[in-house]
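Here's a quick briefing to read next to the model. Have the sequence and the coordinates open as you go.

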Amino acid sequence: MAQLESIKVTTDEIKHLISNRAVEGETMLLNMGPQHPATHGVLRMLVELDGETVINCIPDIGFLHTGIEKNMEAKTYMKAEVMTDRLDYLNTVGNNLAYVLAVEKLVELDVPERAQVIRVIMTELQRIASHLVWMGTAAMDLAAMTVFLYSFREREDILNILEMVSGQRMMTTYFRPGGVWRDVPEEFEKAVRDFIDIMPARLDEYESLLTENPIFIDRTKGIGVIPKNKALGWGLTGPIARGSGIDYDIRKAHPYTGYENYDFDVPVQKAGDVYARYQVRVEEMRQSLRIIDQALKAFPKGPFRSNNRKFVPPPRAELGTSMEAVIHHFKLWTEGFDAPKGSVYFPVESPRGELGIFLEGDGGPKPYRVHWRTPSFSNLQVLSWLAKGHYVADLIAIIGSIDFVLGDTDR
Amino acid sequence: MEKEIKEITNDLKKKFKVEISEFRDEISLLVSPEKIVEVCKSLKKDHGFEQLSSLTAVDYWPEIAPRFHVVYQMNSYSKKIRLELRVPLDGNNPSVDSVESVYPNANWFEREIWDMLGVTIDGHSDPRRILMPHDWEGHPLRKDYPLGYEEVQFTFNHEEIQKRKPNPKD
C-alpha cells in the first residue's frame, strides 16, 4: 500500500504513458538514471517492468540543458562558434563544421581548397574517435572490458593530432568561417599517415574481440530490431538508419566541403538489430580511413583561409605594418560581420546521424535564431517504442547501440 | 532536381495556395496554419518526402501578426531533395496542429517548441515540457525572455534597478 501511494505521487504527469497495471501496483516502475553508468551520461528513464520484461520505457532528458541556442543569439557569429563544441563533446570538430558551413552559406563566403581538405581530414578523424568511444562503451555495457581499454588507446592518438593542430584536445574551435584558424603544422601529415597506417590492423584486432565473439553475438543479434519503415517514421538517421537498410548518407546525397571528390562506400545492413549497427559503424571507420588516405594524397598547397577581410580577420603579422589590417581586426572582433536577412538549414553527416543547423540572420552581427537539429535528440525518441518487450539486460544493449551523447540531446 | 522541386511546389500551390520563396537555393513554402497537416500528408504520400528532418520555431517579437513562424524541414530520401515549410502564427499564445500522425518523430520536436517557445500543439499525445524542469515558468527562447544577466547599476539608476533586483534573502 505504501508503494502504491508513492507511485501515485510520481506518475500523475505521465499517467498516459504507462499501463493501468502500473497504477494498480501490479507491475513495477523502475527509475534508471540519471546517474547510471549504462545510460552514457545524464539520461533518466522510467521503466515499467513486468518481471524482467520492459512494458514501457519513458526517457526523460534535459538534465544537461545549457541554453546554447539562447546564448548563441547573444553573441556575434564568430564568438558563437565556441558554443558549438559543447554540444556533442565527442564530435566537436563536426559541430564546428556544421556551424561554419551554415555561416558561410548565409554570408556567401568562399573557402580555399586547402582548408576544405584539412576540414575533411579532421572531421573524419573525429568520426573515427567518436566511433571508438561508442565501441568501447557499448561493448563495456555488454561486459567486454578489453575493447574499452583498446579503443581509448587509439582515440588518444587522434586527440593528440587535434591538440597538435589546434592546441586543444576536445574543444578545438579550429574551423572558422572562411577556412581554419591556422595552417596545420609540418608534422601533421606524418602523424595522420602513421595513424591511418596502423589503424586497419587495430580495427582487425577489435573485430577479433567482438565480431565472432559468441557472447557478443548472443547479446546483440536479433535484439532491438528496427524495420526500415519504422526507421523512416521515427526520423532515424546515420548508422542506425543504415543498419536498417536505408542507403542514405548526407555526404553522398548533398555533398559539402568537397566530399564529392572522394571515393568511399556507404555501408548498409538489412537486419536492423544491434549487431547490424555495430557492423555499420566498424565499416564506417574503415571508409573514413579511405577518405583520409585520399585527402592526404591530394593535399593541396595554398592559403588556409579566405582572403575576404570583411569576414576573416587578417593574419597577426599584418597588424604591425598595415593600418587597414588593424581596422579590420578591430571591427571584426568587436562588432563582428553582418549577415543578411534570411534563414538557411545546413545538414551534415555527424557520427550519429544528421546534424542540421537552422541559422537565421536579421541583417545584424548576431544570429537571430539558431536551432540545432541534433542526431542524438532525434534518434533517442525511438527508445520508448524500441525497448518494449525486451529484457532489462537487452535495454542496456539497445541504449548502447543508439549511440547518443547527452550534451547533444539537451543542448 | 530543379524540375522535380518545381513540379512539387506548383502542385502544392494549386492545392493549398502556398507562397513560394527562395533564399540561397533553399525553397521555402509559406503554409497557412489550418492546412499544415494536409500539406504534410500530401508531401508524404504524393511526393516522396519520407522523413521530417527537423521542426523548430522562430519568434519575431515585438511583431504580433505573425509573431511566430513554425519551421518544418522536409527530407526526401528517394529524390534527394529538401524543402522548408513555414507556418505563420499570430498572437502571444498561438497554437498549431500536431503533425505527429503523419511523422511520428514530430513528437519530441513539438514538445520542444512548446517548452522553449510556448507554441501550443493541438492534438499532441504527450504535451509535457521536455528540456526545462516540469515546473518551469515561461518559455526561454522567446525574444521577450531575458538571457539572465545581472543589470549594471549606475548612480543615476541605482534605486530603480535595486527595486527589481532579485534578492537571495527573499
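Predicted model: local features only at pLDDT ≥ 70, side-chain atom pairs only at ≥ 80, totals over all residues.

Residues are numbered from 1 along each chain as its sequence is written, chains are lettered from A and ligands numbered from 1 in the order in which they are written, and side-chain values use heavy atoms, with hydrogens and water left out.

**Domains of chain A**

- Chain A splits into domain 1 (1-63 + 374-411) and domain 2 (68-224 + 275-306 + 339-372), with bounds from an automatic or database domain assignment.
- Taken over C-alpha atoms, the centres of domain 1 and domain 2 of chain A sit 30 Å apart.
- In contact (heavy atoms within 4.5 Å) are 23 residues of domain 1 of chain A and 23 residues of domain 2 of chain A.
- Together the two domains of chain A bury about 1,900 Å², 54% of it on carbon and sulfur atoms; buried area is the accessible area (1.4 Å probe) that two parts lose on being put together, summed over both.
- The rule finds three salt bridges across the interface of domain 1 and domain 2 of chain A, a salt bridge being a side-chain nitrogen of Lys or Arg within 4 Å of a carboxyl oxygen of Asp or Glu.
- Arg411(A) and Glu69(A) pair up in a salt bridge through their side chains, at 3.0 Å from N to O.

**Chain A against chain B**

- Here 51 residues of chain A are in contact with 46 residues of chain B.
- Chain A and chain B bury about 4,100 Å² between them, and carbon and sulfur atoms give 56% of that.
- Six salt bridges are counted between chain A and chain B.
- Lys105(A) makes a salt bridge with Glu26(B), and their closest N and O atoms are 2.6 Å apart.

**Zooming in on Ala80(A)**

- You'll find Ala80(A) in the loop between helix 3 (68-73) and helix 4 (81-85) of chain A; helices (H or I, at least four residues) are DSSP runs, numbered from the N terminus.
- Ala80(A) is buried, with a relative accessible area of 0%, where buried means under 20% (1.4 Å probe, protein chains only).
- Neighbours within four places in sequence aside, Ala80(A) is in contact with Met72(A), Lys75(A) and Tyr99(A).
- Ala80(A) and Tyr345(A) are 265 residues apart along the chain, and 17 Å separate their C-alpha atoms.

Conventions. Helix = DSSP H or I, 4+ residues; strand = E, 2+ residues; numbered from the N terminus. Buried < 20%, exposed > 50% of the residue type's maximum accessible area, 1.4 Å probe, protein only.
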